[in-house]
Amino acid sequence: MEYGIDQQSRGQAEHHVKMNNRRNLEITGVKEVDSFDAEEFLLQTTMGYLVIRGQNLQMKNLDVEEGIVSIKGKVYELSYLDEQSGEKAKGFFSKMFK
């Protein structure tokens, strides 16, 4: 928590995820869009890497300055990759670099 407070005092954006009807996602606190296609998005957020899996996913809005990404499509899964889920992250990244 101390880390978050320090980051906020430096002006780092908060991270929020808003989903409507599993069809529209609005995500704030996005630092970078690492990769995306119709089935999977990999976003670097202020709270770690976020993977979004679904069908017919499309980027509707990208505001780099504000750190806001909007995604449209059928959402199946949202998950964060961090040190506690190292096995999952390893599987995901090994899949990416095959």
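Student: Which residues make up the largest nonpolar core?

Tutor: This is a predicted model. Its largest nonpolar core has 11 residues in all: Leu25, Ile27, Val30, Phe41, Leu43, Leu50, Ile52, Leu57, Val69, Ile71 and Val75. The elements giving two or more residues to this core are β2 (24-27), β4 (40-45), β5 (48-63) and β6 (68-81).

Student: What is Leu25 in contact with, leaving aside its neighbours within four places in sequence?

Tutor: Its contacts include Ile52, Val69, Ile71 and Val75. Val17, Lys18 and Met19 are also among them.

Student: Why is Phe41 called buried?

Tutor: Buried means under 20% relative accessible area. Phe41 has 0%, so Phe41 counts as buried.

Student: What makes the aromatic pair of Phe36 and Phe41 stacked?

Tutor: Two values matter. The ring centres are 5.2 Å apart, and a pair needs them within 6.5 Å. The planes are at 25°, and stacked requires under 30 degrees. The pair is therefore stacked. A search of the whole structure finds one aromatic pair.

Student: Is Glu40 buried or exposed, and how do you know?

Tutor: Glu40 has a relative accessible area of 14%. The cut-off for buried is under 20%, so Glu40 is buried. Glu40 lies in strand β4.

Student: What joins the side chains of Glu40 and Arg53?

Tutor: A polar contact of 2.7 Å. The limit for such a contact is 3.5 Å.

Student: Which element has the lowest mean pLDDT?

Tutor: Helix α1 (residues 2-9), at 42, whereas β2 has the highest, 97. Over residues 1-10, pLDDT stays under 50. The protein averages 82.

Technical notes: Residues numbered from 1 in each chain as written. Predicted model: local features only at pLDDT ≥ 70, side-chain atom pairs only at ≥ 80, totals over all residues. Heavy atoms only, no water. Core = buried A, V, L, I, M, F, W, Y, C linked by side-chain atoms within 4.5 Å. Buried < 20%, exposed > 50% of the residue type's maximum accessible area, 1.4 Å probe, protein only. Helix = DSSP H or I, 4+ residues; strand = E, 2+ residues; numbered from the N terminus. Contact = heavy atoms within 4.5 Å. Phe/Tyr/Trp six-rings, centres within 6.5 Å; stacked < 30°, edge-to-face > 60°. Polar contact = N/O pair within 3.5 Å; in protein donor to acceptor, adjacent residues only side chain to side chain. pLDDT = per-residue confidence, 0-100.
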